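Hi everyone, and thanks for making time for this. Please take a look at the sequence and the model on the screen, and then we'll walk through them together.

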Amino acid sequence: MEQYEKISAAIGKACFWWIEIERLVRHSTLNLARSLSRAFDDDRPHRILDLAVGTLDMRQKIVVAKAYAHLIPGPHPEDLYDRVEALFNYIDNEVRPERNRYVHDQWGFIDDAAFRLNHSLRIVRPQARKRQLRLHTKREYQQIDLINEFVKNLQYVIDDLNELNNHIDWLISHIDQPSKSLRQFPPSWKSLTHRDWREPDKQ
């Protein structure tokens with residue numbers, strides 16, 4: 001029961017931090033649009049844009065945000081688009097699917113070990129030309145360390161998104177001075193260098 005309560009608390013934290021990540025991705029999308037046109041600083045255009053962005057799901061927001069980053073003019077000490085793409089691709093391709101599995105998979109316990117089942121039918125070929133029907137996939141957790149590391153990584157994603165938004169705010173405040181050097185990003189995104197939540201063969 002103690003292990004169940006610890007894992008339940010960790011999954012709850014993952015859900016909580018994911019809500020904040022969704023909010024920050026939305027804010028980043030709006031901020032990138034503002035960096036392209038100060039018209040979005042006015043209340044009415046901003047509200048109209050916010051309504052449109054608000055109808056998009058997470059993946060669509062990321063696509064739009066990357067498109068805005070691509071359109072931003074001016075010299076950069078490092079490629080703004082590359083940094084936006086790296087962070088948002090990581091969120092979309094690695095963090096989002098793992099969060100979905102935390103929420104939608106079936107969790108169970110055997111003694112002190114936890115496991116989760118993903119009930120998705122799949123045809124797999126573990127050996128050449130030999131098909132198998134897989135009714136589910138199973139991931140075991142001998143300890144909850146990996147779960148806690150995933151929750152920690154979500155917090156790092158939040159830190160990175162805040163850093164990105166701070167950078168975009170700086171860019172907007174200097175939009176009429178394109179020759180000036182931009183505020184430097186950190187050397188790397190924290191979340192991309194913290195991958196202890198992944199299985200050893202996927203590090």
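How many salt bridges does the structure hold? There are 11 of them, where a salt bridge is a side-chain nitrogen of Lys or Arg within 4 Å of a carboxyl oxygen of Asp or Glu. Some background: side chains of opposite charge can pair when their charged atoms come close.

A word on how to read this. This is a predicted model, so local features need pLDDT of at least 70 and side-chain atom pairs count only at pLDDT 80 or more, while totals for chains, interfaces and linings use all residues. Residues are numbered from 1 along each chain as its sequence is written, and side-chain values use heavy atoms, with hydrogens and water left out.

On confidence, pLDDT is the predictor's confidence in each residue, from 0 to 100. The protein chain has a mean pLDDT of 82, and 87% of its residues reach 70 or more.

Now the layout. The protein chain has six helices and five strands; helices (H or I, at least four residues) and strands (E, at least two) are DSSP runs, numbered from the N terminus. Along the sequence the pattern reads α-α-α-α-β-β-β-β-β-α-α. Of the 203 residues, 38% are buried. Here buried means under 20% relative accessible area, exposed over 50%, and partly exposed in between, with a 1.4 Å probe and protein chains only.

Back to the charged pairs. In helix α1 (residues 2-36), Arg-23 and Glu-20 sit three residues apart, about one turn of the helix. They form a salt bridge, with the closest N and O atoms 2.8 Å apart. Arg-23 counts as partly exposed because its relative accessibility is 45%, and Glu-20 is also partly exposed, at 24%.

Asp-105 pairs with Arg-101, the closest N and O atoms being 2.6 Å apart. Arg-101 is partly exposed, at 26%, whereas Asp-105 is buried, at 8%. Asp-105 also meets Arg-116 in a salt bridge of 3.1 Å, N to O. Asp-105 lies in the loop between α4 (80-104) and β1 (106-110) and Arg-116 in strand β2 (residues 113-118), so this pair ties together parts that are 11 residues apart in sequence. Both Asp-105 and Arg-116 are buried. Through shared partners, salt bridges join Glu-98, Arg-101, Asp-105 and Arg-116 into one network.

Let's stay in strand β2, where we also find Phe-115. Is Phe-115 buried or exposed? It counts as buried, because its relative accessibility is 14%. Leaving out residues up to four places away in sequence, Phe-115 touches several others, including Trp-107, Phe-109 and Glu-140; contact means heavy atoms within 4.5 Å. Phe-115 and Glu-140 are 25 residues apart in sequence, yet 4.2 Å apart in space, C-alpha to C-alpha.

Leu-121, Ile-123, Leu-133 and Leu-135 make a nonpolar surface patch of about 460 Å². Patches are made of residues with over 30% relative accessible area and no salt bridge, joining like charges within 9 Å and nonpolar side chains (Val, Leu, Ile, Met, Phe, Trp, Tyr) within 5 Å. Accessible areas come from the Shrake-Rupley method with a 1.4 Å probe; for residues, only the protein chains shown count as cover. Leu-135 is found in the loop between β4 (130-134) and β5 (137-141), and counts as exposed at 51% relative accessibility.
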